[in-house]
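Have the structure open beside you as you read.

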Amino acid sequence: MKHMISIADLSREEAIAVLATAEHMAQTQSRSIRKLPTLVGTTVVNLFFEDSTRTRISFEAAAKRLSADVINFSAKGSSVSKGESLKDTALTLQAMGADAVVVRSGSSGAAHLLAHAGWIDQPIVNAGDGAHEHPTQALLDTFTLRRHLRPGEPEAGLDGAHVVIVGDVLHSRVARSNVLLLTLLGARVTLVAPPALVPVGASAWPCEITYDLDEALGQGPDAVMMLRVQRERMVGGGFFPTAGEYSRRYGLSTARAAALPEHTRVMHPGPMNRGFEIAGDVADGPRSVIVEQVSSGVFVRMAVLYHLLATDSREDAR
Amino acid sequence: MTTAPTLLLRGGLLYGETAADLLLEGGEIAAVGTDLEAPAGAEVIDVDGCVVLPGLVDLHTHLREPGGEEAETVETGTRAAARGGYTAVHAMANTTPTADTAGVVEQIARAGESAGWCTVRPVGAVTVGLAGERLAELDAMASSRARVRVFSDDGKCVHDPVLMRRALEYVKSFDGVIAQHAQDPRLTEGAQMHEGEVSAQLGLAGWPAVAEESVIARDVLLAHHVGSRLHVCHLSTAGSVDIIRWAKQRGIAVTAEVTPHHLLLTDESVRGFDARYKVNPPLRTQADVEAVREGLADGTIDIVATDHAPHPADAKDREWDQAAMGMTGLETALSIVQSTMVDREALSWRDVARVMSETPARIGRDEDQGRPLEAGSPANVLVWDPRPTTVVDPAVHASRSMNSPFTGRELPGRNRLTVHRGRVTVRDGALVEG
Ligand SMILES: [Zn+2]
C-alpha cells in the first residue's frame with residue numbers, strides 16, 4: 001500500500017490487515033502511556049481545503065499518538081484560499097520534506113491527483129474528496145461494526161451481515177466508500193434514499209437500492225447507517241419538497257428505531273442534523289454507536305498511517 | 001505574397017481511388033491526368049501511394065485571439081491547422097472581446113490573411129457578448145469584409161427559445177446559419193462529466209444526455225417552423241443522432257457535426273481524473289461512440305469538426321472540477337478519423353473528403369474550399385500518407401497548447417503536403433515558412 005485513496009484500490013486482505021492493526025492500536029490506547037514511538041521523526045501534513053475540524057483533529061490525534069510531527073495546512077487564511085493551486089501546494093509540501101499528506105478537498109479526485117500527478121512522491125491519505133470517497137470513514141465504520149458483530153475476531157470480515165445506508169447518497173462520499181468496503185468484506189448492503197438522491201448509474205453498484213425505508217428496516221438489518229443530508233451541496237434544488245416531508249419518509253425516528261431488532265446498531269458519520277435525518281434520542285440511545293465511531297476513527301487512522309509510513313510495515317509489505 | 005510555385009504531384013490516389021498526376025500552377029489546379037508533362041521550372045513531387053484530398057475545412061476552431069493569446073493565437077492556431085491538413089478554419093466567437101461586431105470579425109479575418117497558413121473565416125456571435133439576451137448585429141458582420149455566414153454562441157447555448165427562433169429567421173436574408181451549442185443550462189449546472197455509471201462512482205456532478213438532446217429536438221422543430229437552416233455543433237449522444245435522423249427524414253434543413261474525440265474516447269477516461277479528458281460536451285459511453293460513428297457513416301452526421309480548444313497548462317493541471325473544458329484537435333483530427341472510420345471501412349477516403357472538406361465548406365459558404373480535384377479549382381490540396389504511424393506528442397505540435405487527449409497514442413497517417421492557394425504550407429509534417 002503506497003497511498004490510501006479509494007476503497008476500490010484495496011484487496012480484502014489489505015482491508016482486514018488495516019482493521020487488525022487498528023485493533024492492535026486500540027489495545028495500546030488502553031495503557032497508561034498511550035504514545036507510541038513508531039513514527040518519531042516523520043512529519044504528517046494535514047492539507048484541508050474544506051473545513052472539517054472533526055476529521056482534522058482525528059488525523060492529528062492519530063499522528064501524534066504515533067509520535068509524528070503534524071503540520072496543519074488549512075485553506076482558510078493560507079495561500080490556498082488566495083488562489084494557489086493544488087499543484088503549487090504539493091510542490092511546496094514536497095520541498096518542505098513532508099513524509100505523508102492527508103488531504104481533504106471538495107473536489108472529487110483531488111487525492112488521486114496528488115498521488116498520481118507527479119507533483120509529490122509521498123504517501124497520500126484521502127480524508128474525503130468531493131462526493132467520491134472517504135476511505136478512512138468506511139474503515140472506521142467497519143471497524144466499529146465488526147467489534148459489535150464479530151467481537152474478538154480481529155481477522156474476520158462481515159460475511160452475512162446486512163447494513164442499511166439511508167439518506168443523501170448522491171452527495172455522499174461516505175456512502176460510496178462504505179458500499180465498496182462492506183461488500184468487499186462480505187456484507188449485504190441496502191441503500192435507501194428518495195429517488196432524486198440516488199445517483200443515476202448507481203444501479204451498477206454491488207448493493208440493493210430501495211426508496212422505502214420501512215421496508216428496508218423491516219428486514220431486520222444488523223446496522224442502520226444514517227447519512228447527513230448535505231443541503232449545502234444541493235445546487236439546482238428540488239431534491240425533496242421540505243425538510244418535514246424528508247424527515248417523515250427517510251428520518252430515523254424514535255418509533256422506527258424502536259421497531260428494530262435489539263441487536264441492530266445505529267450509526268452516523270457526523271456531523272448530525274438532529275431531528276432531521278435522525279431523532280436526538282435515537283442518536284443518544286442504547287443502540288447508537290455514534291460516539292464509539294469517533295474513537296474508532298483515531299485507531300483506524302493510526303493504522304493507516306502505520307501501514308503507509310512505518311518502516312517495519314513497509315518491509316513486511318515487500 | 002509570392003506567386004505560387006508550379007508543382008507536379010506525381011502518382012497520388014485521388015480521393016484514395018485512382019492514381020493520377022496533379023499539376024498546380026498559379027494557385028489553381030491546372031491539370032489532372034496520367035503521365036502529365038512537367039512544365040519548365042516545375043517541382044516534381046512523388047506522392048505515390050498517398051491519398052490526395054481537397055484541403056480540409058474545420059467548421060469549429062477556437063483560435064483564442066483576441067484575448068486568449070496565452071492559449072493560442074491566429075498565427076499558432078493556423079499553423080496547427082496547416083499541419084493537420086486544413087486549408088480553412090472557422091474561428092469561434094468566444095474571444096475577448098467577443099466576435100460580435102463587424103470590427104472584431106474583420107480584425108480576425110485580417111490576422112488570418114497576414115498569417116497566411118490557411119483561410120480564416122470568423123464565426124460571429126449570435127447574441128451580444130454571448131450573453132443570450134439580445135441579438136448581435138448579425139447583418140453588419142455578414143456584410144463586413146469578413147463575410148460572416150456562420151453564427152454561434154459556442155461555449156454557451158442560445159437557450160431562450162424566442163431568441164433562437166428570431167436568430168434562425170434573421171440570418172435567412174443573407175444565407176447565414178446558426179450553429180448551436182446544444183446544452184440546456186439548467187440541466188447542466190455544475191455538471192462535470194457524462195451522467196451515468198462512471199459519474200455515479202466518481203461522485204462527479206452528472207451532465208445528462210437529455211440536456212443536449214432536448215435542445216436539439218427543440219431547435220430542429222424551430223428550424224422547421226420558420227424554414228431556416230440549422231447546424232448542430234459537436235453532437236455527442238446516441239439520442240442526438242436519432243433526433244437528427246428523424247429531422248432529416250422530414251426534410252428539415254439541419255446539418256450536424258461530430259468531433260474526433262467523440263468518435264474515439266469514452267467517459268471511462270475520466271477515471272484517472274486527468275483534466276485533459278474534460279470537455280464540453282463531455283465524453284460519453286461506448287454505446288454513444290458507436291452511435292456517432294454509425295451516424296457519420298450513414299450520413300446522418302454531415303461533418304467532422306475539431307472543436308480545437310487550446311488551454312494553457314495551468315488551466316488543466318488542476319482538480320477536475322476546477323479545470324477548463326476543451327481539447328486540442330487540429331493536428332490529430334484526420335488520424336483519428338482514419339483510425340476510427342477509414343481503417344474500419346466505415347468511411348472511404350471519398351467520404352472523408354465529403355465530411356472534412358466539401359460539406360463543411362458548403363455549410364460555411366466557403367466558395368474556394370472543398371472544391372473538386374479538377375482543373376480550374378483553387379489549389380487547396382492535402383496529400384496524406386495513410387501508411388506510417390506516429391506517437392502523438394504535443395511538444396512537436398504547432399499549437400501553443402499541450403492539452404491533447406491523444407498524447408502517447410500511436411495513430412495512423414502522416415501529412416505529406418498541405419497546399420493552400422498554391423503555396424506549400426506543410427511538407428512531410430513540417431511547416432514551410434512563406
Ligand atoms: Zn461548443
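Between domain 1 of chain B and domain 2 of chain B there are 24 residue pairs in polar contact, both residues at pLDDT 80 or more. A polar contact here is a pair of N or O atoms within 3.5 Å, where within protein one must be able to donate a hydrogen and the other to accept it, and residues adjacent in sequence count only if both atoms are side-chain atoms. On the side of domain 1 that touches domain 2, the elements giving two or more residues are β16 (381-391), β17 (410-420) and β18 (423-427) of chain B; strands are DSSP runs (E, at least two residues), numbered from the N terminus. The largest share, 7 residues, comes from β17(B).

This is a predicted model, in which local features need pLDDT of at least 70, side-chain atom pairs count only at pLDDT 80 or more, and totals for chains, interfaces and linings use all residues. Residues are numbered from 1 along each chain as its sequence is written, chains are lettered from A and ligands numbered from 1 in the order in which they are written, and side-chain values use heavy atoms, with hydrogens and water left out.

Where do the domains lie along chain B? Domain 1 covers 7-52 + 376-431 and domain 2 covers 55-363, with bounds from an automatic or database domain assignment. Their centres, taken over C-alpha atoms, are 26 Å apart.

Charged partners also meet here: the count between the two domains is 2 salt bridges, each a side-chain nitrogen of Lys or Arg within 4 Å of a carboxyl oxygen of Asp or Glu.

Conventions:
Helix = DSSP H or I, 4+ residues; strand = E, 2+ residues; numbered from the N terminus.
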